[in-house]
Amino acid sequence: EIKPEAFFHCTTLKSFTIPDSVTEIGDGAFSGCTSLESITIPESVIYVGNFIGCTSLESIAIPKSATSIGSFSKCTSLKSIKIPEGVTHIGLFDDCTSLESVTIPEGVTKLYHWTFSCCTSLKSITIPESVDVIEDGAFEGCTSLESVLLHNRMNIRKAIFKGCTSLKSI
């Protein structure tokens, strides 16, 4: 295990390879690592904790073994993330202003308050049928969002598309 906040605010760390013996990355283990550009996560990891404020991280590959991932809030250089099948819980990606694409796997059941809020480069997203709740403001301020594919059995809360000025189709 990499303990929570183990490398918290380590502003000079540029890359990190997690050893195969690790199964859990604690919450905030790399949060605030503003110079972190790449991280290699092995297939042994089942829990990926929060990576908040990693402003130089452009992409991350979540291993197929993962079942839960934390928040990537304020990772302003993050352009894409592929979340593998098997993940049932995702955290927040709010203020990821460079995020253009994200794949939400079947199995995730809920998008929390402001999950993708202020992701100003996000253009489209497909919500799988397993998601049955989208909470308040989930896409608020996604000014580039043009299309969203939803299914008809969702409990959609208020203001989920507030400020989505480019939205053309749902």
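Here is how the talk went, feature by feature.

Mentor: Keep in mind that this is a predicted model.

Trainee: Okay. How many helices and strands does the protein have?

Mentor: Zero helices and 14 strands. The C-alpha trace spans about 45 × 30 × 20 Å along its principal axes.

Trainee: How do I read a sheet, and in what order do the three strands of the open sheet come?

Mentor: Strands of a sheet pair through backbone hydrogen bonds, either parallel or antiparallel. Here the order is β5-β7-β9, with parallel pairing. β5 (59-61) and β9 (101-103) are the edge strands; each has a single partner strand, so one side of each has no neighbour in the sheet. From one strand to the next, the twist averages 10 degrees. Zoom in on β5 and β7 (residues 80-82): three bridges join them, and S59 sits opposite S80 in β7.

Trainee: And the inside? Which residues have the most contacts within the largest nonpolar core?

Mentor: In soluble globular proteins, nonpolar side chains tend to be buried together. In this model, the largest nonpolar core has 51 residues, and F30, F51, F72, F93, F116 and F139 have the most contacts inside it. Click on F51: beyond its neighbours within four places in sequence, its contacts include F30, L36, L57 and F72. Across the protein, 46% of the 170 residues count as buried.

Note on methods:
Residues are numbered from 1 along each chain as its sequence is written. This is a predicted model: local features need pLDDT of at least 70, side-chain atom pairs count only at pLDDT 80 or more; totals for chains, interfaces and linings use all residues. Side-chain values use heavy atoms; hydrogens and water are left out. A nonpolar core is a set of buried Ala, Val, Leu, Ile, Met, Phe, Trp, Tyr and Cys residues joined through side-chain atoms within 4.5 Å. Buried means under 20% relative accessible area, exposed over 50%, partly exposed in between (1.4 Å probe, protein chains only). Contact means heavy atoms within 4.5 Å. Two strands pair if DSSP finds at least two bridges between them. Helices (H or I, at least four residues) and strands (E, at least two) are DSSP runs, numbered from the N terminus. Axes are lines fitted to C-alpha atoms, for helices over the stretch in contact, and angles run from 0 to 180 degrees between N-to-C directions.
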